[in-house]
Amino acid sequence: MAIAMTDENKAKLNELVRLLRKQTMTKQEIMSMFDTNERTARDMVSEVAKRCPIPSNSESSGYKIATRREDIPAVIHAINENNKRAAEILKRNEPLKKFLEEITA
């Protein structure tokens with residue numbers, strides 16, 4: 001779900017970017033800092049991750065913007081995990097396409 005880009009939300013996202021450039025933050029810390037719920041905290045991170053390299057993956061706890069060469073392994077791991085997830089999601093299209101072919105034939 002996308003976050004409405006009000007001036008207030010833009011300011012919150014800019015603040016989150018500033019913080020994540022300096023430190024790792026958990027979802028709970030983001031929720032507390034911005035007085036929001038879990039869904040909104042994840043949406044905020046998702047919005048930032050569309051503009052900044054946040055190498056979140058199943059092995060990491062928290063979020064941080066990659067800024068150093070030492071972040072390269074985490075970035076590569078995140079790319080591989082994202083590609084794997086995307087491939088799994090696309091596999092779900094095959095039965096849907098098959099249904100459309102059969103029903104419209």
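Buried means under 20% relative accessible area, exposed means over 50%, and partly exposed lies in between (1.4 Å probe, protein chains only). This is a predicted model, where local features need pLDDT of at least 70, side-chain atom pairs count only at pLDDT 80 or more, and totals for chains, interfaces and linings use all residues. Residues are numbered from 1 along each chain as its sequence is written, and side-chain values use heavy atoms, with hydrogens and water left out.

**Figure 1. The whole protein.** Of its 105 residues, 26% count as buried. The protein has five helices and zero strands. Here helices (H or I, at least four residues) and strands (E, at least two) are DSSP runs, numbered from the N terminus. Read from the N terminus, the order is α-α-α-α-α. The radius of gyration is 17 Å, well over the 13 Å that the globule rule gives for 105 residues, so the protein is more spread out than a compact globule. That radius is taken over C-alpha atoms, and the rule is 2.2 Å times the number of residues to the power 0.38. Along the principal axes, the C-alpha atoms fill a box of roughly 55 × 35 × 20 Å.

**Figure 2. Surface and charges.** The protein exposes about 7700 Å², and carbon and sulfur atoms supply 54% of this area. Accessible areas come from the Shrake-Rupley method with a 1.4 Å probe; for residues, only the protein chains shown count as cover. There are 19 positive and 16 negative charges, and their mean positions are 3 Å apart. Lys and Arg count as positive, Asp and Glu as negative; His and the chain ends are not counted. Each charge is placed at NZ of Lys, CZ of Arg, CG of Asp or CD of Glu.

Figure 3. Find L20 in helix α1 (residues 7-22). L20 is buried, with a relative accessible area of 0%. What does L20 touch, not counting residues up to four places away in sequence? The list is M25, I54, Y63, K64 and I65. Contact means heavy atoms within 4.5 Å. L90 is 70 residues from L20 along the chain, and their C-alpha atoms are separated by 31 Å. N9 also sits in helix α1. N9 counts as buried at 19% relative accessibility. Leaving aside neighbours within four places in sequence, N9 is in contact with I3 and A4.

**Figure 4. Two loop residues.** D35 lies in the loop between α2 (27-33) and α3 (38-49). D35 is not a glycine, yet its phi is positive, at about 50°. Is D35 buried or exposed? D35 is exposed, with a relative accessible area of 72%. R68 belongs to the loop between α3 and α4. At 46% relative accessibility, R68 counts as partly exposed. R68 and K22 are 46 residues apart along the chain, and 11 Å separates their C-alpha atoms.

Figure 5. H77 lies in helix α4 (residues 72-91). H77 is partly exposed, with a relative accessible area of 28%. From H77 to K98 is 21 residues in sequence and 33 Å in space, C-alpha to C-alpha. Helix α5 (residues 93-104) has twelve residues. From first C-alpha to last, α5 reaches 16 Å, close to the 16 Å expected at 1.5 Å a residue. The expected span is 1.5 Å times one less than the number of residues. How many of the twelve residues of α5 are buried? The number is zero, so α5 lies largely in the open.
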